Every structure is written in C-alpha cells, then in structure tokens.
Amino acid sequence: MDPSMWHKIAAVSGVAALGLGTYGAHVFKPQNPAYKEVWQTASLYHLVHTAALVAAPVTKNPNIFGCLLTAGILGFSGTGS
C-alpha cells in the first residue's frame with residue numbers, strides 16, 4: 001500500500017472521532033452514568049490513535065505502523081475498554 005494512503009485513512013478516522021465525540025458529549029444519554037465515562041475514554045483513545053496515524057508515512061515501516069494503530073482504534077475505541 002502507498003504510505004500516503006495512511007493520511008487519507010487518518011482523515012476519515014479523524015472525522016469519525018470528531019463525530020462520535022460530539023455525539024457522546026451532546027446526544028448520548030445512557031441510563032447508567034458510567035457508560036458516559038466509557039464513551040469519553042473510547043473517544044479519547046480514538047483521537048490519540050488518529051493523531052499518531054498521521055505520522056505513519058514517515059516511519060520506517062508505514063504499513064505495519066498504520067495497521068497496528070488502526071487495530072488499536074478498532075480494539076480500544078470500538079470496545080470502550
């Protein structure tokens with residue numbers, strides 16, 4: 001894969017992180033208040049992984065770096081762990 005493709009993936013991920021964070025802050029009203037904190041943590045992890053993903057093209061192994069960060073987004077942010 002072309003290393004610059006990771007910038008495009010980071011852009012899509014950033015838009016998703018922003019949208020999901022906004023949803024969590026303004027719309028998400030869970031019955032259990034602890035879920036709100038889980039959502040905020042997942043949003044933060046998503047945003048941090050996305051910011052790091054921007055650097056993928058300049059790393060020694062951009063595809064490995066990008067894949068690991070993408071897996072982190074899906075694993076940590078997707079599960080809310």
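Modeller: H49 counts as buried because its relative accessibility is 16%, where buried means under 20% relative accessible area, exposed means over 50%, and partly exposed lies in between, with a 1.4 Å probe and protein chains only. This is a predicted model, in which local features need pLDDT of at least 70 and side-chain atom pairs count only at pLDDT 80 or more, while totals for chains, interfaces and linings use all residues. Residues are numbered from 1 along each chain as its sequence is written, and side-chain values use heavy atoms, with hydrogens and water left out.

H49 belongs to helix 2, which covers residues 34–53. Helices (H or I, at least four residues) and strands (E, at least two) are DSSP runs, numbered from the N terminus. With neighbours up to four places away in sequence set aside, H49 is in contact with L69, G72, I73 and F76; a contact means heavy atoms within 4.5 Å.

These partners may be taken in turn. G72 lies in helix 3 and counts as buried because its relative accessibility is 8%. Beyond four places in sequence, the contacts of G72 are H49 and S77. F76 is also placed in helix 3, which comprises residues 62–79. F76 counts as partly exposed because its relative accessibility is 44%. Together with L44, Y45 and V48, F76 makes a nonpolar surface patch of about 380 Å². The largest share of this patch, 3 residues, comes from helix 2. A patch is built from residues with over 30% relative accessible area and no salt bridge, like charges being joined within 9 Å and nonpolar side chains (Val, Leu, Ile, Met, Phe, Trp, Tyr) within 5 Å. A salt bridge is a side-chain nitrogen of Lys or Arg within 4 Å of a carboxyl oxygen of Asp or Glu.

In soluble globular proteins, nonpolar side chains tend to be buried together.

H46 counts as buried because its relative accessibility is 8%. A42 is another residue of helix 2, and it counts as buried because its relative accessibility is 9%. From C-alpha to C-alpha, A42 and G72 are 11 Å apart in space and 30 residues apart in sequence. The C-alpha atoms of A42 and L69, 27 residues apart along the chain, have a separation of 14 Å.

Aromatic rings form a further topic. The whole structure contains 4 aromatic pairs; rings of Phe, Tyr and Trp (its six-membered ring) pair if their centres lie within 6.5 Å, and planes under 30 degrees apart count as stacked, over 60 as edge-to-face and the rest as tilted. The pair of Y23 and W39 is tilted because the ring planes stand at 55 degrees, with the centres 5.5 Å apart. This pair links distant parts of the chain, Y23 in helix 1 (residues 5–26) and W39 in helix 2, 16 residues apart. Ring pairs join Y23, W39 and F28 into a cluster. Y23 counts as partly exposed because its relative accessible area is 37%, and W39 counts as partly exposed because its relative accessibility is 26%.

Finally, the whole may be considered. The protein has 3 helices and 0 strands, in the sequence pattern α-α-α. Its C-alpha trace spans about 45 × 20 × 15 Å along the principal axes. Of its 81 residues, 25% count as buried. Among contacts with a separation of 6 or more, 60% involve residues 24 or more positions apart. The protein exposes about 5300 Å², of which carbon and sulfur atoms supply 71%; accessible areas come from the Shrake-Rupley method with a 1.4 Å probe, and for residues only the protein chains shown count as cover.
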